[in-house]
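Here is a walk through one protein model, from its overall fold down to single side chains. Keep the coordinates open as you read.

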Amino acid sequence: MSDDAKVAKELVETLKDGERGFTSAAEKLRDSDRAEWATTLQRLAEQRAGFRREIVEMGHEYGDDVDESGSVAATLHRGWISLKDALTGDDAGSVLGAAATGEDHAVSEYEKGLEQDLSAGFREVVSRQHAAVVAARDEVKALQTAD
């Protein structure tokens, strides 16, 4: 399996986790005293869905099926796993903290991907998405400090 395919599979899983995590967090905050945060988190969930589709479509162009599930071990280490615990409470700050942790993980996955020997076209996509994920992480952390 090429480095492109390996990195694509990992990023697709990370993006799925982020999409689910942001959607869950937005739903949790929608009726809270921080409902405006829900709008931001839903926008980021939609961003992740778009990034995932872009990588999957690129993989299909090269004949790779990058949209299949990752390993069980990888699933256990996903950054968004901690969101599950935060969603059981009512504290908006905890939900946002879990989202920030998930974003730290996403940034790390993109950085690991960029260390690989990627084709020029895929590297361009990963680099562009990495910059947007870093900006999203910073946006989530800014909301945290504004709390």
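The protein has 6 helices and 0 strands; helices (H or I, at least four residues) and strands (E, at least two) are DSSP runs, numbered from the N terminus. From that end, the elements run α-α-α-α-α-α. This is a predicted model, in which local features need pLDDT of at least 70 and side-chain atom pairs count only at pLDDT 80 or more, while totals for chains, interfaces and linings use all residues. Residues are numbered from 1 along each chain as its sequence is written, and side-chain values use heavy atoms, with hydrogens and water left out.

Of the 147 residues, 46% count as buried. Buried means under 20% relative accessible area, exposed over 50%, and partly exposed in between (1.4 Å probe, protein chains only). Contacts, meaning heavy atoms within 4.5 Å, reach across the sequence. Among those with a separation of 6 or more, 72% join residues 24 or more positions apart.

Now the interior. In soluble globular proteins, nonpolar side chains tend to be buried together. A nonpolar core here is a set of buried Ala, Val, Leu, Ile, Met, Phe, Trp, Tyr and Cys residues joined through side-chain atoms within 4.5 Å. The largest one holds 20 residues, and Ile 55, Tyr 110 and Phe 122 touch the most other members. Helices H1 (3-29), H2 (35-61), H5 (92-114) and H6 (120-146) each give two or more residues to this core. H6 gives the most, with 6 residues. Apart from this core lies another, of 17 residues, including Ala 25, Ala 92, Leu 96 and Ala 99.

What does Ile 55 touch, not counting residues up to four places away in sequence? Its partners are Ala 8, Leu 11, Val 12, Leu 15, Val 66, Tyr 110, Phe 122, Val 125 and Gln 129.

Next, the helix pairs. H2 and H6 pack at an angle of about 170 degrees, with their axes 11 Å apart. Axes are lines fitted to C-alpha atoms, for helices over the stretch in contact, and angles run from 0 to 180 degrees between N-to-C directions. H2 is therefore roughly antiparallel to H6; angles under 35 degrees count as roughly parallel, over 145 as roughly antiparallel, 65 to 115 as roughly perpendicular and the rest as oblique. The H2 residues that meet H6 include Trp 37, Phe 51 and Ile 55, and the H6 residues include Phe 122, Val 125 and Leu 143. The residues of this contact divide into 13 nonpolar, 4 polar and 5 charged. Ala, Val, Leu, Ile, Met, Phe, Trp, Tyr, Cys and Pro count as nonpolar, Asp, Glu, Lys and Arg as charged, and the others, Gly among them, as polar.

H1 and H5 pack at about 165 degrees, with their axes 10 Å apart. That makes H1 roughly antiparallel to H5. The contact includes Leu 11, Leu 15 and Phe 22 of H1, with Ala 99, Ala 106 and Tyr 110 of H5 among their partners' side. By class it has 11 nonpolar, 3 polar and 4 charged residues.

Two further residues deserve a look. Arg 52 lies in H2. Is Arg 52 buried or exposed? At 17% relative accessibility, Arg 52 counts as buried. Beyond four places in sequence, Arg 52 is in contact with Val 12, Leu 15, Lys 16 and Glu 19. Arg 52 and Leu 11 are 41 residues apart in sequence and 7.7 Å apart in space, C-alpha to C-alpha.

His 130 sits in H6. His 130 is buried, with a relative accessible area of 17%. Leaving aside neighbours within four places in sequence, His 130 contacts Val 107, Tyr 110, Glu 111 and Leu 114.
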